Amino acid sequence: MNGTNWIGLFTWIRREYDRMLRVVTQVLVAPLISAFLYIFIFGFVLGQKISLIAGVPYISFVFPGILMMNIIQSAFGASSSAVYFGRFMKSIEEILVAPFSYLEMILGYVLSAVVRTVVISIGIVIIGIVFGAVSFVHPFYFLFSAVGVSTIFALLGIIVGLWANGFEQLNVLNTFIITPLSFLGGMFYSITLLPETLKNITLANPFFYFVDGMRYAMIGHSESNLWLGG
């Protein structure tokens, strides 16, 4: 990319990183506590009463779904809030007059969201290691899946941040679409346990393929076409 303003992009990402540290409780601590509760309650506590799934302990089976849900929510929340609050505080006007092309602006928001997602993901993986739930059967596919999905939802967050005219609209997609579809995308169960009708409904859920791809990367088990999910 000849002529790309790399110094400006680096400064942009550093600014967003510093902003994250200023609201570390909301941005970092809250999702880590939420992930800890999911892992402890659904993985550790309930997992002691559930036999092996796909040849691994239940906590190892559900952990990739919990991680993927947080990757999705973190990437979407980072870019959507950055764009919306930039509009709300009028600071986006400074970006518009800065020496950035439109592509560089999009890249700045996406890379900032990915960096924030990586920080949160590392924290969740550390929690998973403490519970003995983490393995990386296909580490390169893990990186591809994590970065690819976070990029997709960072781009979606930019669109929502530009569209939203209030806090309610900013959160409507996460509340009514992302979270429900994540829970119904095989986070806590194998589709082999479902009746045929519910199995087909799950297969029609795009979030199932995100979860399944992460599960394949971590424990080597997949219930879908990985090319479709990738």
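Mentor: We call a residue buried under 20% relative accessible area, exposed over 50% and partly exposed in between, using a 1.4 Å probe and the protein chains only. Also, this is a predicted model, so local features need pLDDT of at least 70 and side-chain atom pairs pLDDT 80 or more, while totals for chains, interfaces and linings use all residues. Numbering starts from 1 along each chain as its sequence is written, and side-chain values use heavy atoms, leaving out hydrogens and water.

Trainee: OK. Why does Ala54 count as partly exposed?

Mentor: Because its relative accessible area is 40%. Ala54 sits in the loop between H2 and H3; helices (H or I, at least four residues) and strands (E, at least two) are DSSP runs, numbered from the N terminus.

Trainee: Then where is Lys90, and what is its phi?

Mentor: Lys90 is in the loop between H3 and helix H4, which covers 92-97. Its phi is near 65°, again a positive value in a residue other than glycine.

Trainee: Lys90: buried or exposed?

Mentor: Exposed, because its relative accessibility is 54%.

Trainee: Let's zoom out. How many helices and strands are in the protein chain?

Mentor: 10 helices and 0 strands. Along the sequence that reads α-α-α-α-α-α-α-α-α-α. The radius of gyration is 18 Å, close to the 17 Å from the globule rule for 230 residues, so the chain is as compact as a globular protein of that length. That radius is taken over C-alpha atoms, and the rule is 2.2 Å times the number of residues to the power 0.38.

Trainee: What box do the C-alpha atoms fill?

Mentor: Roughly 60 × 35 × 35 Å along the principal axes.

Trainee: And how much of the protein chain do buried residues make up?

Mentor: 47% of the 230 residues. As for contacts (heavy atoms within 4.5 Å), take those in the chain with a separation of 6 or more: 79% of them join residues 24 or more positions apart.

Trainee: Give me an example of a buried one. Where is the place of Ala154?

Mentor: Helix H6, residues 139-163. Ala154 counts as buried because its relative accessible area is 0%.

Trainee: What does Ala154 touch, not counting residues up to four places away in sequence?

Mentor: Ala75, Ser79, Val110 and Ala113.

Trainee: Switching to H3. Is Ser74 buried or exposed?

Mentor: Buried, at 6% relative accessible area. Ser74 lies in helix H3, and beyond its neighbours within four places it contacts Arg116, Thr117 and Ile120.

Trainee: What about Gln73, which residues does it touch?

Mentor: Asn174, Ile178 and Thr179, once residues up to four places away are set aside. Gln73 is in helix H3 too, but counts as partly exposed because its relative accessibility is 22%. His138 lies 65 residues from Gln73 in sequence and 23 Å away in space, C-alpha to C-alpha.

Trainee: Now Ser121, which helix does it lie in?

Mentor: Helix H5. Ser121 is buried at 13% relative accessible area. Apart from neighbours within four places, it's in contact with Leu67 and Ile71.

Trainee: Last topic, the largest pocket. Which residues lie nearest its centre?

Mentor: Gln26, Gly77, Ala78, Ser81 and Arg116, out of 36 residues in the lining. Two or more lining residues come from each of H1 (6-22), H2 (24-45), H3 (58-88), H5 (102-130) and H7 (167-183). On a 1 Å grid over the protein atoms alone, a pocket is an open set of points where a 1.4 Å probe fits, with protein on both sides within 12 Å along at least five of seven lines; lining residues have an atom within 4 Å of a point.

Trainee: Which helix gives the most to the lining of the largest pocket?

Mentor: H3, with 12 residues.

Trainee: And how do the residues of the lining divide?

Mentor: Into 20 nonpolar, 13 polar and 3 charged. Nonpolar covers Ala, Val, Leu, Ile, Met, Phe, Trp, Tyr, Cys and Pro; charged covers Asp, Glu, Lys and Arg; the others, Gly among them, are polar.
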